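Opening the notebook on this one.

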Amino acid sequence: MKSGALLRLSGLSLLWGSVFLWIKISGYGFSPVEMVFVRLVLGAAVLMAIGLSRGQRPPRDRTLLGHMAVAALLGNAIPWLLFAQGEVTGSSNVAGIISGTGPVWTLGAAVLLGSEKRLGAARILGMAVGLLGVVLVAAPWSPGTHASTSSVICFVLGAVSFGSSFAYVGRFLAGRGIPVFMLAGGQLTIAAVLTLFAVPFIGLEPVEWRTDSVIALIILGVVCTGFAVLLNTVIITKDGPAAAATVIYLMTVVSVVLGAVFLGESLGWSVLLGTAAVLVAIALLRRKPVDKPAPQAAATPAGATPAAAPAPAKGLTAGAQ
């Protein structure tokens, strides 16, 4: 791998892996709803500004806007609120590990939506191993565990919602001609509006204007949500989707390391084994089923190679958890 590609992958892994650290620190001064709303507004402002400066324009088709609203709900408003709420009583490294199970839920949702017809033995095993990783990290058998039951529930539900959003975007929005920054920025904008409706009911708490919380929230919104999507786009364009997919592995490890180093979070045997299980699950889930060879009668002309089955469409993510 070239040094430029390695630098880009390392940078994005650090940005998205640090999201859970910044969420934890932001939570010292802001309620989950306040935090998520500000994060969405900052991230949307960055992405929309980049898109508009490049001459991109948001879609006006009502059907596409409706699909974007569903994607915003599944991929941003719901999971980000759940992860922020979970980190009130749970650790950032547990949040990062369980977030890594997103591909498990993406594949499950893709099957339900009809985007994936076959799973294959490796993927089924990957889903099982990913769920095992969640159990190991939660460690329900251990008294005084590093994660409360309520926080684990929030993290798992958030990962399910976030993972499902990828399948939804791939099914209903990818390949529809929406400019990438208008898709991501528009999704964040819609999510901000949806979150705003929740503020009067569950978000009106006094803000504690701590310097560390304010700085963490600005980094979370501008850098880890806004500019990180720009970097992700550059990686996909220059280095390819396969390279971009490796960020999922790296960000999981980064979240565990940062939580231990800066927040003193536990790295017990169940956390380490759970992390390993999630990484193995991600690797297995990336393996596509091998199609059986076509009958000889349907062989391609001499010298030609059969066309590969198209990969499921992937939408541009609007930021990590």
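This is a predicted model: local features need pLDDT of at least 70, side-chain atom pairs count only at pLDDT 80 or more; totals for chains, interfaces and linings use all residues.

I started with a helix pair: the crossing of α4 and α8 is left-handed (the near helix is turned anticlockwise from the far one by less than a right angle; clockwise would be right-handed). By class, the contact between α4 and α8 has 18 nonpolar, 10 polar and 1 charged residues.

Residues are numbered from 1 along each chain as its sequence is written, and side-chain values use heavy atoms, with hydrogens and water left out.

Back to the pair. At what angle do α4 and α8 pack? Helix α4 (residues 62-89) and helix α8 (residues 149-172) pack at about 160 degrees, and their axes are 8 Å apart. Axes here are lines fitted to C-alpha atoms, for helices over the stretch in contact, with angles from 0 to 180 degrees between N-to-C directions. That angle makes α4 roughly antiparallel to α8 (under 35 degrees is roughly parallel, over 145 roughly antiparallel, 65 to 115 roughly perpendicular, the rest oblique).

Whole chain next. I count 12 helices and 0 strands in the protein chain (DSSP runs numbered from the N terminus: H or I of at least four residues for helices, E of at least two for strands). Of the 321 residues, 48% are buried (under 20% relative accessible area; over 50% is exposed and in between is partly exposed, with a 1.4 Å probe and protein chains only). Among contacts (heavy atoms within 4.5 Å) with a separation of 6 or more, 90% are between residues 24 or more positions apart.

Helix α1 (residues 3-17) has 15 residues and reaches 20 Å from its first C-alpha to its last, close to the 21 Å expected at 1.5 Å a residue (that is 1.5 Å times one less than the number of residues). Its buried residues, including L9, L12 and W16, pack against α2 (19-26), α10 (211-239) and α11 (241-263).

How many residues of α2 are buried? It is 7 of 8, so α2 is mostly covered. The buried residues of α2 pack against α1, α3, α4, α5 (92-99), α10 and α11. I picked out S26 in α2: S26 counts as buried because its relative accessible area is 0%. Leaving aside neighbours within four places in sequence, S26 touches M35, S213, A216, L217 and L220.

V46 is in helix α3 (residues 32-53), and its 13% relative accessibility is why I list V46 as buried. With neighbours within four places in sequence left out, V46 is in contact with V222, G226 and F227. The C-alpha atoms of V46 and F181 are 9.5 Å apart, though 135 residues separate the two along the chain.

L188 lies in helix α9 (residues 180-203). Buried or exposed, I asked of L188? Buried, with a relative accessible area of 0%. L188 and A71 are 117 residues apart in sequence and 9.5 Å apart in space, C-alpha to C-alpha.

How values were computed:
Ala, Val, Leu, Ile, Met, Phe, Trp, Tyr, Cys and Pro count as nonpolar, Asp, Glu, Lys and Arg as charged, and the others, Gly among them, as polar.
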